[in-house]
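Thanks for asking me to look this one over. Here are my notes, point by point, to read with the model open beside you.

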Amino acid sequence: MSERMLLFIPAYNCEKQICRVLDQLDQHVLSYFEEVLVVNNRSTDDTEKEVLAYVKEHPDLPVKLMRNTENYGLGGSQKMAFHYAVDHDYDYVCMLHGDDQGNIKDFLPMLAKGIHTKHDCVLGARFMRGSKLKGYSKFRTFGNIVYDFIFAFVTRQRIFDLGSGLNLYKTSMLEDGFFEKFPDNLMFNYVMILASHYYHHDIIFYPVSWREEDQVSNVKMVNQAIKVLKMAFTYMLNKESIHDEFRDTVREAYTCEQITELEE
């Protein structure tokens with residue numbers, strides 16, 4: 001394997017789904033990924049116990065379980081994983097949400113064709129031709145498409161998803177830490193879209209499947225929709241706003257501890 005790839009799985013209160021996600025890691029998937037980093041964002045349920053039990057039952061899997069020092073939010077967990085990938089000399093870092101809404105196998109044809117090598121990041125898209133949605137409401141689908149069009153208008157490029165749970169990034173794109181002041185919450189990926197426009201990153205969208213069955217959404221729809229709209233038009237009027245401080249809590253670092261080693 002000439003390219004070193006890290007698979008990052010953020011996990012928060014997904015005790016019912018996390019083992020289904022880990023079940024996706026068959027030999028075909030692992031032929032692409034050198035290491036799987038599961039990051040527990042201070043779950044209040046048994047997510048961590050489920051991962052530990054799974055790792056014990058599958059000792060050959062290259063899974064490392066980490067626990068964030070604090071609940072950093074999804075964006076904060078991504079920052080921690082990005083730094084980990086850069087610090088450990090990975091060429092790519094791929095994110096797959098731990099709640100089993102997405103499937104890493106959707107990216108395998110893209111990886112096999114080497115499409116990822118021609119772009120700075122490949123973003124999974126739930127709302128483009130070739131994607132598949134199961135259990136996703138028409139109202140939420142419509143809302144997402146509307147916001148995709150708004151961001152497309154602001155960035156003057158086609159946008160098919162503002163933040164699915166399956167994305168791949170070149171670590172060379174992440175080395176300067178341009179994302180450090182971005183939100184630590186679910187809006188992190190929205191600002192990443194704007195930043196990719198500002199920094200002229202070469203991004204591509206790729207159709208994925210997505211399902212909602214027993215997952216619990218952490219999205220506060222109305223409040224988030226207003227903030228996202230304000231964010232997009234602030235950037236449109238002043239591109240330099242991408243350098244603003246977006247975080248509610250400013251942190252010097254995003255740290256975690258390795259649980260799998262502590263439990264041995």
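**Notes on the fold, the cores and some single residues**

1. The largest nonpolar core has 48 residues, and those touching the most other members are Phe151, Tyr169, Leu174, Phe182, Met192 and Phe205. Helix H8 (residues 188-198) gives this core its largest share, seven residues. Apart from it lies another core, of 36 residues, including Leu30, Val36, Val63 and Phe107. By nonpolar core I mean a set of buried Ala, Val, Leu, Ile, Met, Phe, Trp, Tyr and Cys residues joined through side-chain atoms within 4.5 Å. Buried stands for under 20% relative accessible area, exposed for over 50%, and partly exposed for what lies in between (1.4 Å probe, protein chains only).

2. A word on the ground rules. This is a predicted model, in which local features need pLDDT of at least 70 and side-chain atom pairs count only at pLDDT 80 or more, while totals for chains, interfaces and linings use all residues. Residues are numbered from 1 along each chain as its sequence is written, and side-chain values use heavy atoms, with hydrogens and water left out.

3. Now the chain as a whole. It holds 10 helices and 10 strands, where helices (H or I, at least four residues) and strands (E, at least two) are DSSP runs numbered from the N terminus. For 264 residues, a compact globule would have a radius of gyration near 18 Å, and the chain agrees with its 18 Å. That radius is taken over C-alpha atoms, and the globule rule is 2.2 Å times the number of residues to the power 0.38. Along the principal axes, the C-alpha atoms fill a box of roughly 55 × 40 × 40 Å.

4. How much of the chain is buried? Of its 264 residues, 53% count as buried. The accessible surface is about 12800 Å², and 52% of this belongs to carbon and sulfur atoms; the method is Shrake-Rupley with a 1.4 Å probe, and for residues only the protein chains shown count as cover. Among contacts with a separation of 6 or more, 85% are between residues 24 or more positions apart. Contact here means heavy atoms within 4.5 Å.

5. On charge, the mean positions of the 29 positive and 39 negative charges are 8 Å apart. Lys and Arg count as positive and Asp and Glu as negative, with His and the chain ends not counted. Each charge is placed at NZ of Lys, CZ of Arg, CG of Asp or CD of Glu.

6. Back to H8, which is worth a look on screen. Nine of its 11 residues are buried, so this helix is largely enclosed by the rest of the structure. The buried ones are Phe188, Asn189, Tyr190, Val191, Met192, Ile193, Leu194, Ala195 and Ser196. Leaving out residues up to four places away in sequence, Met192 touches Phe82, Tyr169, Met173, Leu174, Phe178, Phe179 and Phe182.

7. Which residue just after H8 takes a positive phi? His200 does, at about 60 degrees, in the loop between H8 and strand E8 (203-207). His200 is exposed, with a relative accessible area of 69%. Asn13 also has a positive phi, near 50 degrees, though not a glycine. Asn13 sits in the loop between strand E1 (5-11) and helix H1 (18-22) and is partly exposed, at 30% relative accessible area.

8. Leu65 belongs to strand E3 (residues 63-68) and is buried, with a relative accessible area of 0%. Beyond its neighbours within four places in sequence, Leu65 is in contact with Val38, Asn40, Glu48, Val51, Leu52, Glu257, Gln258, Ile259 and Thr260.

9. Two loop residues next. Asp26, between H1 and helix H2 (27-30), is partly exposed at 29% relative accessible area. From Asp26 to Leu61, 35 residues along the chain, the C-alpha separation is 9.1 Å. Ala253, in the loop between helix H9 (221-237) and strand E10 (256-258), is partly exposed too, at 43%.

10. Finally, Lys134 is in strand E6 (residues 132-134). Not counting residues up to four places away in sequence, Lys134 touches Trp210, Arg211, Glu212 and Glu213.
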